[in-house]
Amino acid sequence: MKTKLSVLSAAMLAATLTIMPQISQAAIPQSVEGQTLPSLAPMLERTTPAVVSVAVTGTQVSKQRVPDVFRYFFGPNAPQEQVQERPFRGLGSGVILDAEKGYIVTNNHVIDGADDIQVGLHDGREVKAKLIGTDSESDIALLQIEAKNLVAIKTSDSDELRVGDFAVAIGNPFGLGQTVTSGIVSALGRSGLGIEMLENFIQTDAAINSGNSGGALVNLNGELIGINTAIVAPGGGNVGIGFAIPANMVKNLVSQIAEHGEVRRGVLGISGRDLDSQLAQGFGLDTQHGGFVNEVTAGSAAEKAGIKAGDIIVSVDGRAIKSFQELRAKVATMGAGAKVELGIIRDGDKRTVKVTLGEASQTSEKAAGAVHPMLQGASLENSSKGIEITDVAKGSPAAMSGLQKGDVIVGINRSAIKDLKSLKAQLKDQEGAVALKILRDKSMLYLVLR
């Protein structure tokens, strides 16, 4: 989905289209024997203004370790790695969710690493976009633009989808401009594909190609049912197997990013596997869909709710689930603190339990690098005192900045900070060097990030 048609190829295509001889074709009649022919045009006229194109530019940075023999010749001060920068351009699609606030949802992989994001509106306007936040595990990003007369898309309850429902994909394939294709919902709850960390995809045969990423998958009412994300393309083009992130997952993720600037992932505190025919037979069950609980973490939300190892979770808020991966994706995108009703089978009996989800630890090294380049290599976690450095990779920018495992960031310059959200907000508008106020072994010190 990340591949795109080059500028040269697009120009050649346009020239080819221009010089091709025109072929006379009979117009399709508006009606036959007095009956009006069905058309998607009225729905699309309402819906397509909410779908935008997304063009990005940036610099791709690659690092390669310098062989020891070179460091031997050039001495102990020789660099440990070579850094190469290569400019890139990318194209994708996006969907306007809130016209008043200018919120646009797209895929994280569309804008990942971008220095500049330009949104092309349906009426021809081009507007610079601001990145509000991303969630790489689900491949969602939230942008914001300032523009008048925007049109937002209506969203549906994607849990009501059925295989066989009609679906229409709208996007910007190969940079050609807005394009519409149609098909049906081919499957639901697709997971285990290795495309994203959290997978609960809608599968469709509506044609999706490179550049459609971040575009809309809608029903015949023009309501958003999913965000187009990936395709199976053995030959590089559409073969009728495309995947979209369900609208309900998108709404949950976007609301968290809009409120907190990040996703505060919900966790149950269990490990498990898909329920298969052998397990079902062993437990005397007449179903082969659900998530089998192998282990429950002590002190977790699941333990507090009374979930036990050996339980089989078969529904979330009254909606049946097919696999443990689907359960994981739904729970993880609901957000910390969300109240969930789980249907379980224990000893052959069906029952429901109510769970208040816990919060996943935000410790990723990639997330730290997104906050500030000189924090890359540090694992960050909110604590009662501030932001704790739980680990620092050797030789990383964070290590070179002087950060150590166990440090707690409590302020920036003269401003106090209490969590990752406030750290991001403080660093967002800072230019040049900033001073981090650090609590280390009951002592305060400042480290300068440049």
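Start at the second largest pocket, which holds about 560 Å³ of space. A pocket here is an open set of points on a 1 Å grid over the protein atoms alone, where a 1.4 Å probe fits, with protein on both sides within 12 Å along at least five of seven lines. Its volume is the space filled by probe spheres set on the points, which are joined across faces, edges and corners.

Before going on, note that this is a predicted model: local features need pLDDT of at least 70, side-chain atom pairs count only at pLDDT 80 or more, and totals for chains, interfaces and linings use all residues. Residues are numbered from 1 along each chain as its sequence is written, and side-chain values use heavy atoms, with hydrogens and water left out.

**Stop 1: the pocket lining**

A lining residue has an atom within 4 Å of a pocket point.

Now colour by helix and strand. Helices (H or I, at least four residues) and strands (E, at least two) are DSSP runs, numbered from the N terminus. Which helix gives the most to the lining of the second largest pocket? Pick α8: it supplies four residues. Helix α8 spans 324-334. Other elements that each supply at least two lining residues include β12 (179-190), α5 (247-260), β20 (312-316) and β21 (319-320). Strand β13 is also one of them.

Colour the lining by class next. Eleven residues are nonpolar, eight polar and six charged. Ala, Val, Leu, Ile, Met, Phe, Trp, Tyr, Cys and Pro count as nonpolar; Asp, Glu, Lys and Arg count as charged; the others, Gly among them, count as polar.

**Stop 2: the loop at D317**

Go to D317, in the loop between β20 and β21. Its phi is near 50°, a positive value in a residue other than glycine. Most residues other than glycine have a negative phi. D317 is partly exposed, with a relative accessible area of 39%. The scale runs like this: buried is under 20% relative accessible area, exposed is over 50%, and partly exposed is in between (1.4 Å probe, protein chains only).

**Stop 3**

Show β11, residues 166-171, together with β12. They pair in the antiparallel sense over six bridges. Two strands pair if DSSP finds at least two bridges between them. Find A167: its bridge partner in β12 is G183.

Three bridges join β12 to β13, and the two run antiparallel. Which residue stands opposite F201 in β13? Select R190 to see it.

**Stop 3: the aromatic pair**

The structure holds one aromatic pair. F201 and F243 form that pair, which is tilted, with 5.7 Å centre to centre and 40° between the planes. F201 lies in strand β13 (residues 201-204) and F243 in strand β16 (residues 242-246), so the pair ties together parts that are 42 residues apart in sequence. Rings of Phe, Tyr and Trp (its six-membered ring) pair if their centres lie within 6.5 Å; planes under 30 degrees apart count as stacked, over 60 as edge-to-face, and the rest as tilted. Are these two residues buried or exposed? Both F201 and F243 are buried.

**Stop 5**

Move to I257 in helix α5. At 0% relative accessibility, I257 is buried. Leaving aside neighbours within four places in sequence, its contacts include I132, G133, T134, D135, I140 and L142. Contact means heavy atoms within 4.5 Å.

Then select D139, in the loop between β8 (130-135) and β9 (140-144). Its phi is near 70°, a positive value in a residue other than glycine. D139 counts as buried, at 2% relative accessibility.

**Stop 6**

Select T47 in helix α2, residues 41-47. It is buried, at 5% relative accessibility. Not counting residues up to four places away in sequence, T47 touches I153, I170, V218 and G222.

Jump to A393, in the loop between β26 (387-392) and α10 (397-400). A393 is partly exposed, at 27% relative accessible area. A378 sits 15 residues away in sequence and 6.4 Å away in space, C-alpha to C-alpha.

**Last stop: the whole chain**

Zoom out. The chain has eleven helices and 30 strands. Of its 450 residues, 42% are buried. Among contacts with a separation of 6 or more, 59% link residues 24 or more positions apart.
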